[in-house]
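Hello,

Here is the structure I promised to pass on to you. Please open it first, and then read my notes below.

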Amino acid sequence: MAMDFGYVRKDFVPAKAAPGRTGGPILWAQKNLFSTPANTLITVIGLLFLAWAVPPIYNFLLGHAVMPGGTVEECRLEGAGACWAYIHARFNFFIYGFYPIEEYWRPNIVFVLLAALIIPLLTPSAPFKRINALLFFIVFPIVSFYLLNGGVFGLRYVPTEQWGGLMVTLIISLVGIICSFPIGVLLALGRQSKLPIIKTLCVMFIELWRAVPLISVLFMASIMLPLFMPAGTSVDKLLRALVGVTLFTSAYLAEVVRGGLQALPRGQYEAAASLGLGYWKRMYFVVLPQALKHVIPGIVNSFIALFKDTSLVSIVGIFDLLNTVQAASSDIDWASPTQAVTGYVFAAFVFWIFCFAMSRYSLWMERRLDTGHKR
Amino acid sequence: MAVHDNFSGPAPRTSLLNDPVFRGVIYQLLVVFLVVGFLGWIVLNTAQNLAIQNKTTGFDFLFRTAGFDIGFSLIPWSRASLYWEAFLAGLLNTLLAAVIGIFFATIIGFSLGIARLSSNWLIARVATVYIETIRNIPLLLQLFFWYFAVLKAMPAVRDSFLLPLGVYVNLRGIMVPKPLPDHEFTWVAVAFVVCLLAAIAIGVWATRQRTRTGRYPASIVASARIANAVVTFALGFIAFIALGQVIPTLATPMVAAAGALVLVGISFTPYRPFVGAFIAAVLAFTVTGFLLPGMFSSVPPAILLLVAAAIGLTVGWIMLERIGRTPVDASKFPVALPILVVVGIPLALYYLIGAELAFEVPVLQRFNFQGGLQLPPEFVALVFGLSIYTAAFIAENVRGGIRAVSHGQTEAAQSLGLKDGDRLRLVIIPQAMRVIVPPLTSQYLNLTKNSSLGAAIGYAELVNVFMGTTLNQTGKAIEVVALTMAVYLTISLLTSAFMNWYNGRVALVER
């Protein structure tokens, strides 16, 4: 006979009634919106907030907005929403800046080339990665430069002062990432190096650029770079900004790559050394392929940061997307109360699309690379 | 067969070139040679360029008259001020924007981070939409939006918006009442600080006693009961006055005081939870009843009043379940005691010594506002933009930190019988903070660096005043850039020093 414990139940628990619902929207709402009194309260407050905030935003963006094809008089009416007609009218300016209209086909070819090269590069299953990367990182920038700048093969010369809009935003971010990537990898390797002088130099370089704001780097690049060059050399304004952005980004990339290098087990370094490989072969064949694979999300994130930061070049007088929008907002032909806001919303939307797509890509890559070997 | 011993005897002779140590030295010498050569080249070029432009170097320009205007300065500023004062004014403006931005960004960021993890689907979605929208749009664009599209679109001075508490909003920024503390008020401020320290000391001492003996000391419990009664009285009084907005008879001080006394009386009976529930319900009702008509002007007021009443009742119901039935005893932390000490004693002193804290309300003169504290739109836009932008990143750090605490910790805390609040406070948050603080510090650093974007909207911060105006006027590019960068470098190094110290302090001690 079992002992009689006060806390041990002697009889069976009566069966519970079957739950009324096992699915459906009502159960979902009960679980996710109204599970407790506090939850219900939060839901109600949230709904009140949405009811307050969403209709005006909707009315501004769509409801009362003046669609492309509208006139400036409609935009000037009392209570008119966003003036999309203005965006439509100045669209080419926002994309190409002051680039000559008859030469628009040149940036267009560059855009198409960019899409044709970057999509297979970012698709893990696409073949010919090596050739693709070679084309994208080396051939594409050279071809694009001659195509946009002209002056060769009978193409008309277009100085960089006339470049602008989304085109320049893309150029700065792409050049920034392409040039800063090798520098960043070298800096990261230098920082992990056992040679004290090289390590110190790399640490100093990285920490200096990471400590100062990009805007001061751009100021410095646009003021000091001409001073540093031999007397009589003139440095293109866009090039100055590119140098500043590249140095700045390479320091951040170096820290990202360092994370990957540190995450690699010691055994990989030792295994590579025991094969008798020299330093560069060790890094190139064994360490970097694994380390870089780990930090692809981090690299994409610094690319997102760089893409957003390109808007700062407008402060040193380069006509990127933000600056064209800013300049167009004082356009008398389209003067209306919502002109400035519409421009900002458009620019914000363009930036948002790019950054959001990249962040989704980075998340997807993270999940793909997550092979489930976590402890 | 004799085994050949490879390990003893002199090492085999190899070429010096294959010796890793020797190679390392050679490489480093090479790098040093290249770097020094490059720097030397730059210095030579710069010297040559400066000679061509007939420029001198040196920091003596700092002691010359600046002769330009700074729109917003914390130190007295006139056209006769010197360049080093301009440097200081810019630095202080940078720090001011950074500190205020950090304050708001932390509050918004933590709320959003927790909201995104909420089990409430709606709130989690709203927080997600905020974060995903804000952090994918460049900060500069947001600053332009706030400055040019919002603050510059405010009405002219004559048609300023009047917000509660005498705050005016117009094209020239936000005008708030300026506090004018008199001489006696200093003592009240001192008393506040002393009481704050005392309250912390009492709390620490009481908790230690409890950890040692299992209960709070009798003296604490007794004074907590008194404090509880006083705080209940004060809150009840406020609740009745607030209710007086709807039922005017309750607003008279005598009636409100009598009602509050009844509440205090009830709080010593087992019906205690009803007191807290009543106060909470009334306060929630009046606040929402005040806010809703402002938010929905097209909906009939009666419906809004009903919604406010429903919200008030729900809050009351929730509080009813949260507040314990038993009066303050030795097992609960006396929350009312520190509140009374920190708020009550300075307030009593305020009336006792007859201190006065007057407010200078901004008054519309013919062309502009006189008096009050005028916050320029540049400053407001910068603080707005920085807080809202950085908050999105802080929210992600907070979410990551809380998610990093394994679910087993939650279960372990639950199996110990901890309530939800205690579980968060004692188990989850301390472990999450270990993960949150390092990225949080770097977000603070980012915010400080990003405050330099104020230059783009004309806020007189360091980069604007020094790298902009001063550099343009003096042409001392190298000195100005070096000084500005040195400031940011110092801030950054101090931050990373703090981070290292913190990491060392909270690092897990592993077996």
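Two residues are in contact if their C-beta atoms, placed from the backbone, lie within 7 Å. This is a predicted model, where local features need pLDDT of at least 70, side-chain atom pairs count only at pLDDT 80 or more, and totals for chains, interfaces and linings use all residues. Residues are numbered from 1 along each chain as its sequence is written, and chains are lettered from A and ligands numbered from 1 in the order in which they are written.

Let's start where the chains meet. In chain B, 51 residues are in contact with 48 residues of chain A. α1(B) contributes the most to that side of chain B, 12 residues (helices are DSSP runs of H or I with at least four residues, strands runs of E with at least two, numbered from the N terminus). The side of chain B that touches chain A has 34 nonpolar residues, 15 polar and two charged; Ala, Val, Leu, Ile, Met, Phe, Trp, Tyr, Cys and Pro count as nonpolar, Asp, Glu, Lys and Arg as charged, and the others, Gly among them, as polar.

Leu141(B) is worth a look: leaving aside neighbours within four places in sequence, its contacts include Tyr344(A), Ala347(A) and Phe351(A).

Now the strands, which pair if DSSP finds at least two bridges between them. β2(B) (residues 167-170) and β3(B) (residues 173-176) pair in the antiparallel sense over three bridges, forming a hairpin with two residues between them. β3(B) also pairs in the antiparallel sense with β8(B) (residues 373-375). Met175(B) stands opposite Tyr168(B) and opposite Gln374(B) in β8(B).

Best wishes
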